[in-house]
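Reader: I would like to go through the side-chain contacts of a protein model. Please take each kind of feature in turn, with the general idea before the case.

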Amino acid sequence: MLNLERLRTLDALARHGSVSGAAEGLHVTTSAVSQQMAKLEREVGEPLLAKNGRGVRLTDAGRLLADHAARILSQVELAQSDIEAQRGRVVGDLAVAAFPTAARGLLPAALAALRVEHPQLRVRMRELEPADSVRGVVRGDFDLAVVLDWYNRPLSMPEGLAKQELLHDPADVAMHVGHPLAGRATVDLEEFADDDWVTWAEGEFCHEWLMFTLRGKGVEPRIAHVAEEHATQLALIAEGLGVCVAPRLGRGPVPDRVRIVPVRHAMRRHVYAVWRADADRRPSIRAAVDALCAAGVDVVS
């Protein structure tokens, strides 16, 4: 009889490509992964791992069993979903990831509603960038993630995930009150070709979007300051230290010395909830998505 947890370890190894990656994804030590794999090899009577430089790789038998493990674990997820659906009760644990402005501007209302409507559901939330959230859902670290993409830059989504649109989040340009364009009703991004920009950290999805969009308009952006939080970005703008893109979701109070001006060709972020398709029937997933949809309506209304 093959042990399910050992198959889960093999599946993690196949997906992450290393013992350390599998350990991180499973939230265990590397020695625990190695021990589980050694036990699984004894169970099947075949070597499943072979040395590959300083790391390891799956043998032919390992790849074969990993393919079966992925299907078995998917069936287990479906079985759990069916059992929960039959009970029809929203109970248990739910792990949710969300990008920072959704964690601030959307999740608090949704989580508060879930606590009132489903007191036996225990939700834990973690703030993560969209790509990390999606990987976490695929790995099984999270049951649900709130992610985003931009109107001109879709987020790559692997197979096997379901999604629900929550809201469209308009984004404007923030500038100092003394900026020459501060009195305009609308602006174009290319009008800021000579300005310093305040932006997100390099490698983050929104930073990469801004670089892509400005360069597409023939502007090579001059990055002066990098700040993760929108409130920090606006504080820099208030001192006349540049301009920034300011999405409306989770924006918070705007400093007196900052002017927010819409872009003539509207820029929007699309905000989604994503989860594994094989968990689609879980009442806790459906309840969380409904709560997020309701919170999204309140945000844009």
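Reader: Which side chain does Asp11 meet in a salt bridge?

Author: The general idea is that side chains of opposite charge can pair when their charged atoms come close. The model here is a predicted one. In this model Asp11 forms a salt bridge with Arg15, at 2.8 Å from N to O.

Reader: Is Asp11 buried or exposed?

Author: The cut-off for buried is under 20% relative accessible area. Asp11 has 10% relative accessibility, so Asp11 counts as buried. Arg15, with a relative accessible area of 35%, is partly exposed.

Reader: How many salt bridges are there by this rule?

Author: The count comes to 19.

Reader: Which parts of the chain does the pair of Arg122 and Asp93 link?

Author: The side chains of Arg122 and Asp93 meet in a salt bridge with an N to O distance of 2.8 Å. Arg122 is in strand E4 (residues 121-127) and Asp93 in strand E3 (residues 92-98), so this pair links distant parts of the chain, 29 residues apart.

Reader: What does the side chain of Asp172 meet in a salt bridge?

Author: Its partner is Arg251, again with 2.8 Å from N to O. Asp172 sits in strand E6 (residues 161-176), while Arg251 is in the loop between strand E9 (244-247) and strand E10 (258-261); the two are 79 residues apart. Asp172 is buried at 3% relative accessibility, and Arg251 is buried at 16%.

Reader: Which residues do salt bridges with shared partners join into one network?

Author: The network consists of Asp172, Arg248 and Arg251.

Reader: Now the nonpolar part. Which residues touch the most other members of the largest nonpolar core?

Author: That core has 64 residues, and those with the most contacts to other members are Leu106, Val146, Trp150, Val245 and Leu292. Leaving aside residues up to four places away in sequence, Val245 touches residues including Trp150, Trp197, Trp209 and Asp172. Asp172 is the residue that pairs with Arg251. There is also a second, separate core of 15 residues, with Leu10, Val19, Ala23 and Ala66 among them.

Reader: How should I read the aromatic pairs, and how many does the structure hold?

Author: A pair of aromatic rings is described by the distance of the centres and the angle of the planes. The structure holds 2 such pairs. In one of them, Trp150 and Trp209 are stacked, with 3.5 Å centre to centre and 5 degrees between the planes. Trp150 is in strand E5 (residues 144-150) and Trp209 in helix H8 (residues 205-216), so the pair ties together parts 59 residues apart in sequence. Trp150 is buried, at a relative accessible area of 1%, and Trp209 is buried at 0%.

Reader: What are the distance and angle for the rings of Phe192 and Trp197?

Author: Their centres are 6.2 Å apart and their planes stand at 70 degrees, so the pair is edge-to-face. Phe192 and Trp197 are both buried.

Reader: Last, charges and rings. Which ring does the charged end of Arg153 sit over?

Author: Arg153 has its charged end over the ring of Phe212, 4.4 Å from the ring's centre. Lys163 lies over the face of Tyr272, with 4.2 Å to the ring centre.

Conventions. Residues numbered from 1 in each chain as written. Predicted model: local features only at pLDDT ≥ 70, side-chain atom pairs only at ≥ 80, totals over all residues. Heavy atoms only, no water. Salt bridge = Lys/Arg side-chain N within 4 Å of Asp/Glu carboxyl O. Buried < 20%, exposed > 50% of the residue type's maximum accessible area, 1.4 Å probe, protein only. Helix = DSSP H or I, 4+ residues; strand = E, 2+ residues; numbered from the N terminus. Core = buried A, V, L, I, M, F, W, Y, C linked by side-chain atoms within 4.5 Å. Contact = heavy atoms within 4.5 Å. Phe/Tyr/Trp six-rings, centres within 6.5 Å; stacked < 30°, edge-to-face > 60°. Lys NZ or Arg CZ within 6 Å of the ring centre and 35° of its normal.
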